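Dear colleague,

I am passing on the structure below, together with some notes on what was found in it. Please read the notes with the structure open beside them.

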Amino acid sequence: MIPPSHPRYESLMLREKVAEGVKKGIVHPTGLIAHGRGEAFDYLIGEKTQPFGERAARAAAAYLKIASHPVISVNGNAAILAAESIVELSKTSNAVIEVNLFHRSEERIRKIIKFLGERGGDKILGMEGDARIEGLQHDRAICSKEGIYKADVVLVPLEDGDRCEALKKMGKRVLTIDLNPLSRTARNADVTIVDNVVRAIPNIKRFYEEISSPEEIVGEWNNVYNLKEATSFICRRLKEMEF
Ligand code: PTJ
């Protein structure tokens, strides 16, 4: 049992959740490794939403608001960590949820859809597999015609690399949540929220409800500038922590 007084209680509880997710068959075993990488970057940003994360969440909300067919792509890690807030965001923004997995198996898709459904999600896509993301060789290319394939804006929490580029080539706007500002996804997305999914998704929802001029926010958005703010922050913090 982890005592709530532990200085890193919240982080340790998330770790427990992901481990539990593996036992439930929702998270792929390699999701533990991905989570560990995320933890390291979260540590470097102080385990809280920084101004660059706040700004990017606002921009992501603006993109979702101007979208005609927004989709939230969900994998095992995102589901176990943020199912409730993903469902809430999808309802607020009228975004379709699609389960799209790197380590695809029908059994895991079914489990994740059920897990999201038990938390209020409905009409969740993922089982259809009736379309493909062009230019991708692995199973993550398999998607739903009425979901990711048709989407104009896709929110991809916790992405794994080349899918972001492939989606962009298909003309879609990609919004990502990735604690690692150096990842290929982070660098290729239209909006990169360098923050933990557990904080970023509720932030997007809050901004979605708050903002009134999304076109203006989108027009002014500069993802490279914001990524530079994130990497400078991490460099400064490392410098400050130097012995
Ligand atoms: O469920 P599946 O089969 O689709 O597989 C999902 C994983 C996560 C295993 C797969 O997509 C993968 O291997 O991802 P990567 O390449 O390890 O990338 C995951 C990225 O997410 C890394 O850049 C991590 O820093 C980041 N990350 C990890 N945990 C979090 C996170 N970003 C935001 N919030 C987190 N909690």
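In what follows, axes are lines fitted to C-alpha atoms, for helices over the stretch in contact, and angles run from 0 to 180 degrees between N-to-C directions. Helices (H or I, at least four residues) are DSSP runs, numbered from the N terminus. Please bear in mind that this is a predicted model, in which local features need pLDDT of at least 70 and side-chain atom pairs count only at pLDDT 80 or more, whereas totals for chains, interfaces and linings use all residues. Residues are numbered from 1 along each chain as its sequence is written, and side-chain values use heavy atoms, with hydrogens and water left out.

Helix packing

Helix α1 (residues 9-24) packs against helix α2 (residues 30-44) at an angle of about 165°, and their axes are 10 Å apart. The two helices, α1 and α2, are therefore roughly antiparallel to each other (angles under 35 degrees count as roughly parallel, over 145 as roughly antiparallel, 65 to 115 as roughly perpendicular and the rest as oblique). Their contact (heavy atoms within 4.5 Å) brings Ser11, Leu14, Arg15, Val18, Ala19 and Val22 of α1 together with Gly31, Leu32, His35 and Glu39 of α2.

Helix α8 (residues 197-210) takes part in a pairing with helix α4 (residues 76-93), where the axes come within 9 Å and cross at roughly 15°, which makes α4 roughly parallel to α8. On the α4 side, the contact includes Leu81, Ala82, Ser85 and Ile86, while on the α8 side Val197, Val198, Ile201 and Pro202 are among the residues involved.

Helix α8 also meets helix α3 (residues 51-66), and here the axes come within 8 Å and cross at roughly 60°, so α3 and α8 are oblique to each other. The residues of α3 in this contact are Glu54, Ala57, Arg58, Ala60, Ala61, Leu64 and Lys65, and those of α8 are Asn203, Ile204, Arg206, Phe207 and Tyr208.
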